[in-house]
Amino acid sequence: MPFIALVAGVVLALSAPVPATAAANDGCPEPSSGDADCGVLTVPENRLNPASRTIDIPYAVIPASDQPATGTPVIVMAPGLGQSAASVGEHLSRDLGFGTHRDVVVLEQRGGTASTPNLDCPAVTDAWIDAFTSTNDALEAEGTAVGIELSDCLAAFVEAGGDPNGYTIAQTAADVVDLRNKLQIPTWTLFGSGWSSKVMTAVAGLDAAGSDAVLLDSYSPAAADIKGDAYTALKTSLDDLSARTGVEGTDYAATVTQLASDFDDNPFKGPVTNPFTDRQRFVELEGNDFVSLVQQLLTDPAVTSTLPVLFDRLEAGDTGALAPYVVLGADAIGTTNWGQYLTSTCLDQKANWSTDPAAPEAVAPAEGQDPVVPVDPPLLVTYSLTDAVCAQSGIAPAGTELRVPPTFTQPTLILAGSNDPISPAATAQAAAGSIVGSQFVSFTGAGHEVLGTSDCAVETAVAWLDKPGDDVSSLCDHDDAVTPLIEASSIHETSRAASVVRAVDDVNWFELLIPIIFFGFCALWFVGWVITLIVRGIQRERLGLLIASGISPVTGLLFGGIVALGMTSATAEQPALTLVGVPSYFPYLGILLAVGLFALIVVWKLGSRGAALLASTGVIVWLGMLAWFAWIVLVPS
């Protein structure tokens, strides 16, 4: 078949109208607003297979906050392959202002956990996590183990009537077109971020009449070599971080490579919570795992600001400093359906990847010099594992005719972060040159998914949505995502403060039990003390010793107030501060606790049985709080 005819046939098959139904009000995900209209889109699993079964994909329509809606609706999907869109639409619509006067339509991914059927494979997830958290096998062997589990999962999927070949970007793009037709929306604006930017550019070409504009965040073309781009972007981000220190000779790319070698010799070991089971497990991370973690950390400008301190501590041999960062990495792993991710990646993107970087060939040493043995550079685990998984599972790449530069003419805005360690801004800028009428805007210091790291990017996107095609390149400060680097001299270094902040965010009362008891005890005591003072003052009794007995609850509450205000102020400027420490004056706050403990002597001197009971209870509570404070702040970690 001639190539042109083949392309035309595939495009027609994917864009042709198909039966698509929706059942309204089937229930919305919890993060959705109460007035969202939710339903299920039913589409063929594989439009290129006439015998294909149908699949159900949830969607939600979040109405404009200002009614009636006056703007064109926006269609969105989750930014990462294998991720859920449950909270994406609500965040864009309400938090970022996309939905002020336009509806926001959210579509889940085919094969995702929310769709029926799905490609969720628990055994694949377990093997994938094992590959990241153990050092028992070589990287290729770990990937092969994951591939075996994926093969078994897909075999069961096929036996149940499924067709894994239907889980591609092209088929997903056709889902978006079908949803517009089903909802009878004449035209809408396409928004894609990360992986979904590939989908939306495909939609723009398939459904030009139904899409009036295209907004792309961290754009990576479908034909891009995302593995090669990731290595380039990581090096660029580390070089940028080196330059920001202002210290001549700083080379964090070389530092990370050396630290990776150190972790190969002496892996990081520690407990972490499995993001899928919420159970703690002991993990081991070697050099490749460390480099992959660094790439993930660089996506967030706030976390990036802490990395110089982290690198310094690791170079000094303090591997425990990595513990709170490993927790962040585990969170990232826990947001992905790995069965879906691996299946779709093998189909769509693996064929475009370059090979893993390797050591240069050895050169003959100069006379009198020892030979230099080349050392392979550290690898990004996600990509190398996926290589082995695709090879083992035998998933054949989808047709290459759909992995070509997109062709569409709708007004297009492309947002990029200069510090994106996954999708280089340079790749997005080059791709923008092939899209007629596109506008490229970069934001200094912003990481991956620019709208989540730059307020200026949000302002720019919202203004452009109101008037697609307008020049929005200079509306605000494009440097607003830059977070000042944290210096070791300005903090008291500790790795345990992050666990307290995390416990507060997660409302984990068990981990906060000691401070809760302490401050509750102080508050009740303070109230009772004030009431007693008032009553005895009215009765004109002598108050000298009674006033002194309030030193303990007052200093306890003062300690809590200073800690709360201090952390609030510090994290407002440096949101990720607790990953590496606390404000430098925090250790001295222990003096307030010590004063409160010794002031319990005054309570004993009141002489009553109740005072003795209060004092003895206070001693236990204060000693517990002092021990907790010492462990979190004072003891080296």
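User: What share of the residues in the chain is buried?

Analyst: Buried residues make up 50% of the 637 residues in the chain. Keep in mind that this is a predicted model. For the overall picture, the chain has 23 helices and 13 strands, and its C-alpha atoms fill a box of roughly 105 × 80 × 55 Å along the principal axes. As for the contacts with a separation of 6 or more, 76% are between residues 24 or more positions apart.

User: Let's go to helix 13. How do you know that helix 13 is mostly covered?

Analyst: By counting: 11 of its 11 residues are buried. Buried means under 20% relative accessible area, and the residues that pass in helix 13 are Trp338, Gly339, Gln340, Tyr341, Leu342, Thr343, Ser344, Thr345, Cys346, Leu347 and Asp348.

User: And what covers the buried residues of helix 13?

Analyst: The cover includes helix 3, helix 4, helix 5, helix 12 (323-333) and helix 14 (381-393).

User: Take helix 4 from that list. What makes helix 4 roughly perpendicular to helix 13?

Analyst: The crossing angle does. The axes of helix 4 (residues 139-159) and helix 13 (residues 338-348) come within 11 Å and cross at roughly 95°. Angles of 65 to 115 degrees count as roughly perpendicular, so helix 4 gets that label relative to helix 13.

User: Which residues meet there, and how do they divide by class?

Analyst: On the helix 4 side you have Val146, Leu150 and Leu154, and they meet Gly339, Leu342 and Thr343 of helix 13. The contact divides into 4 nonpolar, 2 polar and no charged residues.

User: How many cavities of 30 Å³ or more does a search of the whole structure find?

Analyst: The search turns up 1 cavity of 30 Å³ or more. The volume of the largest cavity is about 60 Å³, which can be set against that 30 Å³ cut-off.

User: What lines the largest cavity, and which helix gives the most to the lining?

Analyst: The lining is made of Leu81, Gln109, Arg110, Tyr167, Thr168, Ile169, Thr172, Trp195, Gln340, Ser344, Asp348 and Gln349. Helix 13 gives the most, with 3 residues. Helix 5 (169-183) and helix 13 each supply at least two. By class, the lining of the largest cavity splits into 4 nonpolar, 6 polar and 2 charged residues.

User: On to the backbone. Where is the peptide bond cis, with omega near 0°?

Analyst: That's the bond from Gln67 to Pro68. Pro68 sits in the loop between strand 3 (54-62) and strand 4 (74-76). The bond from Thr116 to Pro117 is cis too, with omega near -5°, and Pro117 is in the loop between strand 5 (104-107) and helix 3 (122-133).

User: What is the phi of Ser218, and why does Ser218 count as buried?

Analyst: Ser218 has a positive phi of about 55°, although it isn't a glycine. You'll find Ser218 in the loop between strand 7 (211-217) and helix 7 (226-245). Its relative accessibility is 3%, and buried means under 20%, so Ser218 counts as buried.

User: Why does Glu449 count as partly exposed?

Analyst: Glu449 has 30% relative accessibility. Partly exposed runs between the buried limit of 20% and the exposed limit of 50%, so Glu449 counts as partly exposed. Phi of Glu449 is near 60°, again a positive value in a residue other than glycine, and Glu449 is in the loop between strand 11 (438-443) and helix 16 (455-466).

User: What makes Asp356 partly exposed, and what is Asp356 in contact with?

Analyst: Its relative accessible area is 27%. Buried would need under 20% and exposed over 50%, so Asp356 is partly exposed. Asp356 is in the loop between helix 13 and helix 14. Leaving aside neighbours within four places in sequence, Asp356 is in contact with Lys227, Tyr231, Leu379, Ser384 and Asp387.

User: And how far apart are Asp356 and Pro636?

Analyst: Asp356 and Pro636 are 280 residues apart in sequence and 39 Å apart in space, C-alpha to C-alpha.

Technical notes:
Residues numbered from 1 in each chain as written. Predicted model: local features only at pLDDT ≥ 70, side-chain atom pairs only at ≥ 80, totals over all residues. Heavy atoms only, no water. Axes fitted to C-alpha atoms, helices over the stretch in contact; angles between N-to-C directions. Helix = DSSP H or I, 4+ residues; strand = E, 2+ residues; numbered from the N terminus. Parallel < 35°, antiparallel > 145°, perpendicular 65-115°, else oblique. Contact = heavy atoms within 4.5 Å. Nonpolar A, V, L, I, M, F, W, Y, C, P; charged D, E, K, R; others polar. 1 Å grid on protein atoms, 1.4 Å probe; cavity = no way out; pocket = protein on both sides within 12 Å on 5 of 7 lines; lining within 4 Å. Points joined across faces, edges and corners; volume = space filled by probe spheres on them. Buried < 20%, exposed > 50% of the residue type's maximum accessible area, 1.4 Å probe, protein only.
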